[in-house]
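Biologist: Please put the structure up. I have some questions about it.

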Amino acid sequence: MTVMQNKTALIYSPEFSRFSLGKDHPFKLRRFRLALELMTEYGLTVLPHAKVFECEPASEKDILNFHSQKYLAKLKEFS
């Protein structure tokens with residue numbers, strides 16, 4: 001019998017705090033920072049199979065692997 005080890009990863013960057021989806025948008029990106037702080041306080045980020053990764057910004061080519069050119073153009077329009 002094969003036993004799989006549990007692994008947990010959190011992808012986080014301080015850069016997340018630089019962005020806003022708008023004051024009326026229900027998802028506030030500062031929640032990422034608050035979640036990381038809470039997880040750190042509870043010792044969840046130092047568990048044996050847990051790791052925090054800082055992410056790199058996605059390139060346009062990477063984004064187009066998941067979204068259409070039309071969608072990306074609309075996002076740029078709003079930016």
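Biologist: Which glycine follows H1, and what is its phi?

Modeller: This is a predicted model, in which local features need pLDDT of at least 70, side-chain atom pairs count only at pLDDT 80 or more, and totals for chains, interfaces and linings use all residues. Residues are numbered from 1 along each chain as its sequence is written, and side-chain values use heavy atoms, with hydrogens and water left out. Helices (H or I, at least four residues) and strands (E, at least two) are DSSP runs, numbered from the N terminus. After H1 comes glycine 43, with a positive phi near 75°.

Biologist: How far does helix H1 reach from its first C-alpha to its last?

Modeller: H1 covers residues 30–41, which is 12 residues. The expected span is 1.5 Å times one less than the number of residues.

Biologist: Why is the pair of tyrosine 12 and phenylalanine 16 given its class?

Modeller: A search of the whole structure finds two aromatic pairs. Rings of Phe, Tyr and Trp (its six-membered ring) pair if their centres lie within 6.5 Å; planes under 30 degrees apart count as stacked, over 60 as edge-to-face and the rest as tilted. For tyrosine 12 and phenylalanine 16 the centres are 5.7 Å apart and the planes are at 80°, so the pair is edge-to-face.

Biologist: Which parts does the pair of phenylalanine 16 and phenylalanine 32 tie together?

Modeller: This pair is tilted, with 4.9 Å centre to centre and 50° between the planes. Tyr12, Phe16 and Phe32 form one aromatic cluster. Phenylalanine 16 and phenylalanine 32 are 16 residues apart in sequence, so their pair ties together the loop between strand E1 (8–11) and H1, and helix H1.

Biologist: Is phenylalanine 32 buried, partly exposed or exposed?

Modeller: Buried means under 20% relative accessible area, exposed over 50%, and partly exposed in between (1.4 Å probe, protein chains only). Tyrosine 12 and phenylalanine 16 are both buried. Phenylalanine 32 has a relative accessible area of 33%, so this residue is partly exposed.

Biologist: Which residues is serine 13 in contact with, leaving aside neighbours within four places in sequence?

Modeller: Serine 13 sits in the loop between E1 and H1. Its relative accessible area is 2%, so serine 13 is buried. Contact means heavy atoms within 4.5 Å. By that cut-off, serine 13 is in contact with Glu54 and Cys55.

Biologist: And what does isoleucine 11 touch, not counting residues up to four places away in sequence?

Modeller: Isoleucine 11 belongs to strand E1. Its C-alpha is 25 Å from that of phenylalanine 78, which is 67 residues away in sequence. Isoleucine 11 touches Phe16, Phe53 and Cys55.

Biologist: Is threonine 45 buried or exposed?

Modeller: Threonine 45 lies in the loop between H1 and E2. Beyond residues up to four places away in sequence, threonine 45 touches Leu36, Met39, Thr40, Ala50 and Val52. At 17% relative accessibility, threonine 45 counts as buried.

Biologist: How far apart in space are glutamate 56 and serine 68, C-alpha to C-alpha?

Modeller: Glutamate 56 is in the loop between strand E2 (50–53) and helix H2 (60–63). Its relative accessibility is 68%, so glutamate 56 counts as exposed. Serine 68 is 12 residues away in sequence, and the C-alpha distance is 21 Å.

Biologist: Which helix gives the most to the lining of the largest pocket?

Modeller: A pocket is an open set of points on a 1 Å grid over the protein atoms alone, where a 1.4 Å probe fits, with protein on both sides within 12 Å along at least five of seven lines; lining residues have an atom within 4 Å of a point. Of the 22 lining residues, the closest to the centre are Phe19, Leu21, Ile63, Leu75 and Ser79. With five residues in the lining, the top contributor is helix H3 (residues 69–78).
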